[in-house]
Amino acid sequence: MTEKIKNFINGKWIDSADGKTLKSINPADTSDTIGIIPRSGQSDIDAAISAASNLYNKWRLIPAPKRGEIILRAAEMLNKRKQELGTLVTREMGKVLAEGLGDVQEAIDMAYYMGSEGRRLSGETVPSELPNKDCKSIRVPIGVFAMITPWNFPTAIPAWKIFPALVSGNTVVFKPSSYTPVCATKLVEILVEAGIPDGVLNLVHGTGEEIGEYLATHPKVDGVSFTGSTAIGEKLAKMCSTLDKEISCEMGGKNAIIVMDDAMLDLAVEGAIWGGFGTTGQRCTAASRVVVHEAVYNKFLNMFTKAVSKLRLGNGLLKITDVGPVINKSQMQKILNYIEIGKKEGAKLVIGGTTYKKGVCANGYFIEPTIFANVKQKMRIAQEEIFGPVVSVIKAHGLEDAIRIVNDVKYGLSSAIYTQDVNNSAVAERDLDTGLVYINASTIGAEIQLPFGGTKKSGLGHREAGGRGGAIDMFTKWKVIYRDFSGRLQKAQIDKE
Ligand code: UN1
């Protein structure tokens, strides 16, 4: 079934002003068109921003618990429709169904968490140094937020941004990836049905190349939340900083798993498969490097290769599929280029390395799960984000060497260590320079109740998700109120009782 998708601006479902369209295609079967979507231009963005800007003063004055209740209603609705929405994620993005459902579950978790934030959003009250005076800090919304989201978590990542932004009192213009627009539209439909007033949440479809920058730098946009490549995130951040806009970016990763000589190797192999080939390696948290202690290097590599040889590529909707397609032709080409680079750099291609077109994979963008061994730390395949099913195995002389290798990249999102030694895990926990560190678990699968984001070129601005230092910081600013009820002029630092 092909859906006719529209923009949602000021409470109305409408086509793009000039009627241009794009198609959303199933990456596992390119003969399956999922949606025809508006290919919006600048005037559509203008209309959406003007709606969000007009409604801001009304929305920010609705009590936060009431705003939260709408998000909680959306949580219930997402939950009821989980199967349908998860299936759509798989059809539109390609990840296997269990992960498609997980994508929706992450949005549900976030909706419950952020909906409840409506009853917290707390600041501080502290005593004043002067009599008959009180002092407090409060969180206030920022204004109109532009949200630019990627295709790899078509429901979860928009939910990470939209829910905390709305509960905090901001209005939103949401531009989802043009590769997963139907999933994005379903999320907006649900929020509208849950009761978000017209104009508060606006959806504009189109390509990042054509409207992304225009949206982010628009004079009436107060804040930007972006998830995507480091190149684009840094470019937007530079532009926004000169325009006095708030911006937070969640960007690339070159995440690694350390496997120590005392690790439970079966568990480490499972973790390397889940982190390296889950979501076909298309997570910013994907484990694209495995750094193995020299004493178990050969053993681990054999076990890992054997397990990878059993992975079945296919359409994610089929129960037997372990690994789905990559998102599109250009990503497929980029990944294949990296495989060529790895070979030229002298890494040893152990398994995979090519496209796969057999059986159900005939009409999709499939690449065999690929392992490179004997990878040296300075090779491009060990330094650059590939965002595909390609894992580099690197030998380390010990824990210190392994940590040095993990940290010696420009990214710092996620890392993991497999060890049975509590001292090893403590040192790793202390010295790994990443926003997320896993002990005896893979690099993927962060839960939503703590901040999500990375160091160095993985993140800019505030972290996402819950907990202290999470997304509520991204979507609010602090205001400090001093109230003097003494009826006389009192001077801080000067008047002494
Ligand atoms: C991403 O790939 O951009 O921790 C997000 C994880 C998921 C989120 C990934 N919960 O792997």
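The largest nonpolar core holds 98 residues. A nonpolar core is a set of buried Ala, Val, Leu, Ile, Met, Phe, Trp, Tyr and Cys residues joined through side-chain atoms within 4.5 Å. Buried means under 20% relative accessible area, exposed means over 50%, and partly exposed is in between (1.4 Å probe, protein chains only). I162, F163, F174, L191, V259, F300 and F304 touch the most other members of this core. Helix α5, residues 156-167, gives the most to it, with nine residues. Helices (H or I, at least four residues) and strands (E, at least two) are DSSP runs, numbered from the N terminus. Domain 1 and domain 2 both give residues to this core, so it lies between them.

The model is predicted: local features need pLDDT of at least 70, side-chain atom pairs count only at pLDDT 80 or more, and totals for chains, interfaces and linings use all residues. Residues are numbered from 1 along each chain as its sequence is written, and side-chain values use heavy atoms, with hydrogens and water left out.

Now take one member of the core. Which residues does V259 touch, not counting residues up to four places away in sequence? They are L265, A268, V290, V291, V292, H293, V296, F300 and Y418. In soluble globular proteins, nonpolar side chains tend to be buried together.

L318, I320 and V360 make a nonpolar surface patch of about 270 Å². Patches are made of residues with over 30% relative accessible area and no salt bridge; like charges are joined within 9 Å, nonpolar side chains (Val, Leu, Ile, Met, Phe, Trp, Tyr) within 5 Å. Accessible areas come from the Shrake-Rupley method with a 1.4 Å probe, and for residues only the protein chains shown count as cover. L318 is in the loop between α10 (297-309) and α11 (329-345). L318 counts as partly exposed, at 39% relative accessibility.

Next, the domains. Domain 1 covers 3-251 + 458-481, and domain 2 covers 255-439. These bounds come from an automatic or database domain assignment. The domain centres, taken over C-alpha atoms, are 31 Å apart. In domain 1, 22 residues are in contact with 28 residues of domain 2. Contact means heavy atoms within 4.5 Å.

Charged side chains also pair up. The structure holds 23 salt bridges. A salt bridge is a side-chain nitrogen of Lys or Arg within 4 Å of a carboxyl oxygen of Asp or Glu. One of them joins R283 and E99, at 3.8 Å from N to O. R283 lies in the loop between α9 (265-277) and β14 (287-293), and E99 in helix α4 (residues 97-117), so the pair ties together parts that are 184 residues apart in sequence. R283 and E99 are both buried.

E384 and R380 form another salt bridge, at 2.8 Å from N to O. R380 is partly exposed, with a relative accessible area of 38%.

D401 forms a salt bridge with R404, and the closest N and O atoms are 2.7 Å apart. D401 and R404 are three residues apart in helix α13 (residues 399-407), separated by about one helical turn. Are these two buried or partly exposed? D401 counts as buried, at 14% relative accessibility. R404 is partly exposed, at 48%. Elsewhere, salt bridges that share partners join E3, K186 and E189 into one network.

Stay with helix α13. Its buried residues include L399, D401, A402, I403, I405 and V406. What covers them includes β13 (255-259), β14, β17 (390-396), β19 and α14 (422-431).

L413 is in the loop between β18 (411-412) and β19 (414-418). L413 counts as buried, at 0% relative accessibility. L413 and G435 are 22 residues apart in sequence, but their C-alpha atoms are 5.1 Å apart in space.

Last, the backbone. Most residues other than glycine have a negative phi, and most peptide bonds are trans. T280 is not a glycine, yet its phi is positive, about 55°. T280 lies in the loop between α9 and β14. T280 is buried, with a relative accessible area of 2%. K456 also has a positive phi, near 50°. K456 is in strand β22 (residues 455-456). K456 counts as partly exposed, at 36% relative accessibility.
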